[in-house]
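Please look through the sequence and the model shown here before reading on. The paragraphs that follow lead from the meeting of the chains to the folds within them.

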Amino acid sequence: MPSFAIETENLSKEYPHGFLHLKKKTSLEGLTMQVEEGEAFGLLGPNGAGKSTTIKLLMGIIFPTAGNARILGRPASDVSMHRDIGYLPEQPYFYDYLTAAEVLDYFARFHGFGVAERAERVRQMLKKVGLETAGKIQLRKYSKGMLQRVGLAQAILHDPKLVILDEPMSGLDPVGRREVRDIILELKNAGKTILFSTHILPDAETLCDRVGVIAGGKLVGTGAPDSIVGVKATGIEILFELPEGGTLPETIRAKAIRAGAGYRMNVDEGQLYKAMDELRVAAARIVAVTQIKPTLEDFFMGLVGKDRAQAAAVEVSGK
Amino acid sequence: MNRVLIVARNTFREAVRDRVLYNLVFFALLMIASAVVVGQISMDIETVVMISLGLSAISLIGLLIAVFTGVGLVSKEIDKRTLHAVLAKPLRRWEFLIGKFAGLAATLAVNTAAMAAGLFLALWLVKHSVVRGDAVVLVAVYFILLKLMLVVALAMLFSCFTSPLLAILFTGGLYVAGLFVAELRSLQVTTLSQQTQKFFAVISYILPNFSNYDVMGAAAHGRPIAGALVLHNTLYTALYCAMVLAGAAMIFSRKDLK
């Protein structure tokens, strides 16, 4: 039986709003999910879906209206378990008047490290996130991307068992994103449990063992990135080239589109042999035949579209 | 306890780097200017004027720092979301709150001590001597510091559940009301019913009694201050701060941060 690093049961969060706070806005509704120890779990969803709300509830930054959460076998309200958790807030912000080295030293003190160990860990972390030359500059002079790196450094400084990262790639340039992705992979290889929210779907596909998709405050699916979008092919893509002076057969002219020196054509699985026969007659050179599978992005976009359509329907009906 | 000290140390560092202690320069200039002017225009009352002026400046500057910095201690951390990373450490919210209080209290203590030193220097410039009787000025400075602690605690309490602007107004309002506690207790107005008078009497015991800390007159004229009052004010401040901070911690511990 797997042991869970994170378990939530019917976790819900409502915010009062409107005049006299009489109305309620639901940010998260009945979230029940588990993250196994040692796995990398990605929380996906559009803006305002409830990803950050979930993470803030887990970290005790906000409190649930209903339900409960357990982290590393303890209630989320028990801060002593924060010893084993590293947390990177969304768009992290630290004390302007401190340098990166000072802010890391400040955070390291809470974990009870001695002077020498603190200094060594701070040095290592600054190096790991590529800030070794900027460690003595006050954070007020840091860019958003540099602050993100400091945030990551403070999250993993104490070698936690569980790392929770809220939009870790946010604000980073491609190089920074690559470096952060490498750090996450390193943590994963070291057996850490990782929960992170992201908008960047290729990162989720690369890094996650499982993903959970949240939309409209509800968890709409969990599973391996492949399984959640479905493994069934939606069609076949044929790449081909025509001999010099060759013409496209009439039957496939409407389906084929120019792609570099050749053509690309999408057909249903049942139409594959017929299309291949026609291409053979036209003396076409087949470059590649591949199954078309939906990507996480397709799934995500479908979900967002559905979500927005629902929201619009509610708005129109005035409910 | 250690975690409280970590937060306190950082709060002190924040105050120093945010140039809170720069007010000392202003105070020093004020004292030097006063010493020169008072030395020229006063006849035998230089000491009284200098002490009154010095203590008033210490109190006013301290109050401004206590109210504005006190309100910002928590609200700034919530607004800027610096708290998110801090509370992800093994640190309870009440420990954070007490640490913040202790940090600002330490800043005010250093600030007040430096201003007191400046006041004594100005006195020496005017009188060319500092006598044992001047020690009563130190007691007055100590009372100002106690008063500032209480103001910080109140500012922190209000900032835990309302906006910074309202917290400043509430703290300022309560301070002014607290200056008239003695009058409220001895209110003998025939037009008020007995019940209303009783109500005001009860209120006067709930309000922080800031009038107790005012010994400026005694200090300026070199009159001794009773040891019992020193003990009373010390215990009163400790108890009142403890109650206010406990209330603040209860509210802050259940507060949703943005």
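**Interface, sheet and helices**

The contact draws 20 residues from chain B and 23 residues from chain A, two residues being in contact if their C-beta atoms, placed from the backbone, lie within 7 Å. This is a predicted model, in which local features need pLDDT of at least 70 and side-chain atom pairs count only at pLDDT 80 or more, while totals for chains, interfaces and linings use all residues. Residues are numbered from 1 along each chain as its sequence is written, and chains are lettered from A and ligands numbered from 1 in the order in which they are written.

On the side of chain B that touches chain A, helix H1 (2–17) and helix H4 (83–87) of chain B each supply at least two residues; helices (H or I, at least four residues) and strands (E, at least two) are DSSP runs, numbered from the N terminus. H1(B) gives the largest share of that side, five residues. By class, the side of chain B that touches chain A comprises seven nonpolar, three polar and 10 charged residues, where Ala, Val, Leu, Ile, Met, Phe, Trp, Tyr, Cys and Pro count as nonpolar, Asp, Glu, Lys and Arg as charged, and the others, Gly among them, as polar.

Within chain A, six strands form an open sheet of mixed pairing, in the order E6-E7-E8-E3-E9-E10; two strands pair if DSSP finds at least two bridges between them. Strand E6 (85–88) and strand E10 (218–223) of chain A stand at the edges, each with a single partner strand, so one side of each is left without a neighbour in the sheet. Strand E3 (residues 40–44) and strand E8 (residues 193–198) of chain A run parallel and are joined by five bridges, and A:Leu43 has A:Ser197 as its bridge partner in E8(A).

Turning to chain B, the axes of helix H3 (residues 46–80) and helix H5 (residues 93–127) of chain B come within 10 Å and cross at roughly 160 degrees, the axes being lines fitted to C-alpha atoms, for helices over the stretch in contact, with angles running from 0 to 180 degrees between N-to-C directions. That makes H3(B) roughly antiparallel to H5(B), since angles under 35 degrees count as roughly parallel, over 145 as roughly antiparallel, 65 to 115 as roughly perpendicular and the rest as oblique. By class, the contact of H3(B) with H5(B) has 16 nonpolar, seven polar and three charged residues.
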